[in-house]
Amino acid sequence: MTGAAQPSTRDRDWGGRLPLASRGPLTEDQLAARRRIRAEVVPWAREAGAVAATAEGDPIGPFNAFMHRPAVGMAFLAWVLADQAQSSLAAPLREIVILTVGAVWNCEYEIYVHTAMARHTGVAEPVIEAVVAGRSSADFSSAEAAVHRFTDELARTRSVCDDTYRLAVDAVGQTGVLDMVNLIGAYLATSALLNAFRVPAPPPAEPS
């Protein structure tokens, strides 16, 4: 995969409806939030071929919103990072869950970042394309199909039928389903944040 282009703060309004927080005077809490985002989030995104900050170091995506409300934003980030560290779900399955939520919400930045993350964790390109398009595929493994179906159904209909639930439990176990619901909730919230403020995404890196 080719590296992601590093956008400039001057290129566009990366905060969408929100100004970039780091362009104005910052409180101590906001400065601490920016340091944490630069130290923990920006390298994580860069490793996968995505960007979470401009070339000038201004956080973008949901991370700009986190800086506007640093106490809540950093608590939310801590939740996401704790879930990432402790989840029983394999990394590729987590990315399928996140991408499925992003596809249901048509969430530009979420799809941008987690397409790159899915490739980075080894999800096959036809699987990524199907998930982003909001459809199932013969390219899915049984576990991929189960988590995609569960996530899509819950995100679209706000419920899960018995057959879908049983398939998910068979694929990832009861603990895996609990972890999947937690992950879905986190990225439903992220999608709502990004879509409410019309946060844009940089151009995606192309697969190699």
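**The crossing of H1 and H5**

Select helix H1 (28-48) and helix H5 (108-121); their crossing is left-handed, a term used when the near helix is turned anticlockwise from the far one by less than a right angle, with clockwise giving right-handed. Helices here are DSSP runs of H or I with at least four residues, strands are runs of E with at least two, and both are numbered from the N terminus. The model is predicted: local features need pLDDT of at least 70, side-chain atom pairs count only at pLDDT 80 or more, and totals for chains, interfaces and linings use all residues. Residues are numbered from 1 along each chain as its sequence is written, and side-chain values use heavy atoms, with hydrogens and water left out.

H1 and H5 pack at an angle of about 65 degrees, and their axes are 8 Å apart. Axes are lines fitted to C-alpha atoms, for helices over the stretch in contact, and angles run from 0 to 180 degrees between N-to-C directions. Contact here means heavy atoms within 4.5 Å.

**Along H1**

Centre the view on Arg38, where H1 bends by about 35 degrees. The bend is the angle between axes fitted to the seven residues ending at a residue and the seven starting there.

Now colour Gln30, Ala33, Arg34, Ile37, Val41, Val42, Ala45 and Ala48, the buried residues of H1. Buried means under 20% relative accessible area, exposed means over 50%, and partly exposed lies in between, with a 1.4 Å probe and protein chains only. An α-helix has 3.6 residues a turn, so residues three or four places apart point the same way. Bring back H2 (62-68), helix H3 (70-86) and H5, which are among the elements that cover these buried residues. At the end of the helix, select Gly49, which follows H1 and has a positive phi, near 95 degrees.

**The loop between H1 and H2**

Continue to Thr54, in the loop between H1 and H2. Thr54 is buried, at 2% relative accessible area. Its side chain makes a polar contact of 2.8 Å with the side chain of Thr9. A polar contact is a pair of N or O atoms within 3.5 Å; within protein, one must be able to donate a hydrogen and the other to accept it, and residues adjacent in sequence count only if both atoms are side-chain atoms. Not counting residues up to four places away in sequence, Thr54 touches Gln6, Pro7, Ser8, Thr9, Trp14 and Ile60.

Ala55 is found in this loop as well, but counts as exposed because its relative accessibility is 52%. Draw a distance from the C-alpha atom of Ala55 to that of Ser8: the two are 47 residues apart along the chain and separated by 5.2 Å.

**Arg23, before H1**

Select Arg23, in the segment before H1; at 53% relative accessibility, this residue counts as exposed. Leaving aside neighbours within four places in sequence, Arg23 is in contact with Thr9 and Asp58. The side chains of Arg23 and Asp58 are joined by a polar contact of 3.0 Å.

**H4 and H7**

Move to helix H4 (residues 91-105) and helix H7 (residues 142-157), which pack at an angle of about 30 degrees with axes 9 Å apart. Their crossing is right-handed. Residues making the contact include Ile96 and Thr100 of H4 and Val147 and His148 of H7.

Zoom in on His148, in H7, which is buried at 5% relative accessible area. Apart from neighbours within four places in sequence, its contacts are Ile96, Thr100, Val131, Arg135, Ser136 and Phe140.

**Two arginines with positive phi**

Most residues other than glycine have a negative phi. Select Arg158, whose phi is positive, near 65 degrees. Arg158 lies in the loop between H7 and helix H8 (162-196) and counts as exposed at 71% relative accessibility.

Finish at Arg198, in the segment after H8. Its phi is also positive, near 50 degrees, and Arg198 counts as exposed at 59% relative accessibility.
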